[in-house]
Every structure is written in C-alpha cells, then in structure tokens.
Amino acid sequence: MEIANTPQPPYYAVIFTSITSEELEGYEETATRMVELAKQQDGFLGFESARDGIGITVSYWKDLKSIKNWKFNLEHSLARQQGNSKWYTTFKTRIALVEKDYGKL
C-alpha cells in the first residue's frame, strides 16, 4: 500500500468509512475487484485504504461527474448492494473538494 500521488488541486475525495459484520464471505475478492474496476474509470486519480477495527477508504477523482459515473457503474452498484445487505453493520460516505494538499512522497 502507498499514498496516492494525486495531481495539483482541485480534485475530489470520496471518503468511505465502515465497520464490517461477521459475514465476510466474498468481501476480499469483491474489494480487490472494485479497486481494479475503479482504476479503469475515467477521472479516477488513486486511493488509500486502511482497516483496524474501522475501515477507511479514500478514493480521489477528477470531478463530480467521474464520481457519479463510478457510483452508477453496474458492477460497483451490485457490490454496494452486497455491502448494504451483509458485509457492513454501518457505513458512511462523504464527498469532499480537495483545495490544497502538501507532503513528501
């Protein structure tokens, strides 16, 4: 895992925070597939993810249109339905405009 090397702002961050249930059959495979699929989407800039009790995945996108297209991708929609019905006890998605970033990569 590495820190996403995003372009100069502005761009968007989709922050997905979750707590998983005990029913995780198929979860890891689907999560891996969603990363592969997201990387193919127009406007995808990168992602970061961590899980230690609570899971946080941040994906970065060029614009709101790219985020909307990802949300309505059929395979992603099916994965979200499984997450809602069996993998997550609770979750929250936030979308934020990144106006400034700095650091050392």
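Colleague: What makes Ile-19, Ile-54 and Ile-56 a nonpolar surface patch?

Modeller: In this predicted model, these three residues make a nonpolar surface patch of about 220 Å², and a patch is built from residues with over 30% relative accessible area and no salt bridge, nonpolar side chains being joined within 5 Å. Areas come from the Shrake-Rupley method with a 1.4 Å probe, and a salt bridge is a side-chain nitrogen of Lys or Arg within 4 Å of a carboxyl oxygen of Asp or Glu.

Colleague: Why is Ile-56 called partly exposed?

Modeller: Buried means under 20% relative accessible area, exposed over 50%, and partly exposed in between; Ile-56 has 37% relative accessibility, so it counts as partly exposed.

Colleague: How do you know on which side of α2 the buried residues lie?

Modeller: The buried residues of α2 are Ser-66, Ile-67 and Trp-70. They cover an arc of only 100 degrees around the axis, so they lie on the same side of α2, the arc being that of the directions from the helix axis to the C-beta atoms. On the other side, Lys-65 and Lys-68 are exposed.

Colleague: What makes a nonpolar core, and which residues form the largest?

Modeller: A core is a set of buried Ala, Val, Leu, Ile, Met, Phe, Trp, Tyr and Cys residues joined through side-chain atoms within 4.5 Å. The largest has eleven residues, including Val-14, Ile-67 and Trp-70, and its largest share, three residues, comes from α1.

Residues are numbered from 1 along each chain as its sequence is written. Local features need pLDDT of at least 70 and side-chain atom pairs pLDDT 80 or more, while totals for chains, interfaces and linings use all residues, and side-chain values use heavy atoms, without hydrogens and water.

Conventions:
Buried < 20%, exposed > 50% of the residue type's maximum accessible area, 1.4 Å probe, protein only. Helix = DSSP H or I, 4+ residues; strand = E, 2+ residues; numbered from the N terminus. Patch = residues over 30% accessible without salt bridge, like charges linked within 9 Å, V, L, I, M, F, W, Y side chains within 5 Å.
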